Amino acid sequence: MASEVKNIVFDLGGVLIDWRPCEYLLESFPEEVAKVLEKEIFKHEDWKLMDRGVLPENKLWEKKKRELSGFREYVERLEREVPELLRPIEENVKLLPVLKKSFKLYALSNYGRIYFEMVRKKYDFFELFDGMVISSHVGYLKPEKEIYLELIRRYKIVPEESLFIDDTPENVEAARELGFRAVHLEEPLRLKEILIRELKIEL
């Protein structure tokens with residue numbers, strides 16, 4: 001018999017915070033520019049280094065302005081506008097106070113240190129979490145096993161009693177391998193439906 005769920009572990013980007021940089025690029029820049037910026041910034045290893053806490057956001061943008069000198073004006077615009085893309089998905093965030101009455105809530109997310117501090121200070125829903133593990137603070141990234149183990153150790157979480165929700169299949173699979181009940185959130189606005197289905201509750 002499956003264990004009763006006591007904890008809900010949320011990814012942030014794509015689950016509680018809007019994060020669709022590639023869509024934004026295509027909407028905001030000429031197509032050929034968007035392709036270069038996607039490959040050389042968001043899909044580049046440097047972005048992972050930022051999430052790992054190795055390359056601070058300001059250093060990342062300095063590096064990209066040097067490397068992509070022919071696209072400098074676009075990179076500068078991107079640097080200004082990326083923080084504005086990090087907005088709560090209101091329909092999902094408003095579920096947290098209701099869930100908090102019955103479950104412990106946690107965040108497990110790949111996030112640069114500066115951007116994380118920015119959203120944490122800006123949005124009060126972070127106060128509802130019983131604990132958070134952020135990649136840039138611990139030096140590990142999902143789907144690396146160590147970041148999940150840090151969450152388990154730090155908050156004495158039993159994976160079998162925990163529902164993990166993420167928008168990236170690899171992260172979901174890694175959580176399952178460690179015993180979490182894990183769900184891939186393919187569409188952000190399906191979160192409520194998934195919670196009702198998985199937890200057998202009304203929202």
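Me: Where does K156 lie, and what makes its phi a positive value to note?
Reply: K156 lies in the loop between α10 and β4 (helices being DSSP runs of H or I with at least four residues, strands runs of E with at least two, numbered from the N terminus), and its phi is near 55 degrees, a positive value in a residue other than glycine. This is a predicted model, in which local features need pLDDT of at least 70 and side-chain atom pairs count only at pLDDT 80 or more, while totals for chains, interfaces and linings use all residues. Residues are numbered from 1 along each chain as its sequence is written, and side-chain values use heavy atoms, with hydrogens and water left out.

Me: How do you know that the peptide bond from K142 to P143 is cis?
Reply: Its omega is near 10 degrees, and P143 has its place in the loop between α9 (135-138) and α10 (145-155).

Me: Why is α4 called oblique to α8?
Reply: Helix α4 (residues 57-67) and helix α8 (residues 113-122) pack at about 125 degrees, with their axes 7 Å apart. Angles under 35 degrees count as roughly parallel, over 145 as roughly antiparallel, 65 to 115 as roughly perpendicular and the rest as oblique, and therefore α4 is oblique to α8. In this contact (heavy atoms within 4.5 Å), E57, N58 and W61 of α4 meet R113, I114 and Y115 of α8, a set that divides into three nonpolar, one polar and two charged residues.

Me: What makes β3 and β5 the edge strands?
Reply: The open sheet has five strands in the order β3-β2-β1-β4-β5, with parallel pairing, and β3 (131-134) and β5 (181-184) each pair on one side only. Pairing requires at least two DSSP bridges between two strands; strand β4 (residues 162-166) and β5 have four bridges, in the parallel sense, and D166 stands opposite H184 in β5. Helix α11 (residues 169-177) packs on the sheet, touching β4 and β5, and its direction makes about 170 degrees with that of β5.

Me: Which residues lie nearest the centre of the largest pocket, and which element gives the most to its lining?
Reply: Of the 27 residues that line the largest pocket, W19, W47, D51, N110 and T168 lie nearest its centre, and α3 gives the most to the lining, with four residues. The lining divides into eleven nonpolar, seven polar and nine charged residues, and the pocket has a volume of about 790 Å³.

How values were computed. Axes are lines fitted to C-alpha atoms, for helices over the stretch in contact, and angles run from 0 to 180 degrees between N-to-C directions. Ala, Val, Leu, Ile, Met, Phe, Trp, Tyr, Cys and Pro count as nonpolar, Asp, Glu, Lys and Arg as charged, and the others, Gly among them, as polar. On a 1 Å grid over the protein atoms alone, a cavity is a set of points where a 1.4 Å probe fits but cannot get out, and a pocket is an open set with protein on both sides within 12 Å along at least five of seven lines; lining residues have an atom within 4 Å of a point. Grid points are joined across faces, edges and corners, and a volume is the space filled by probe spheres set on the points.
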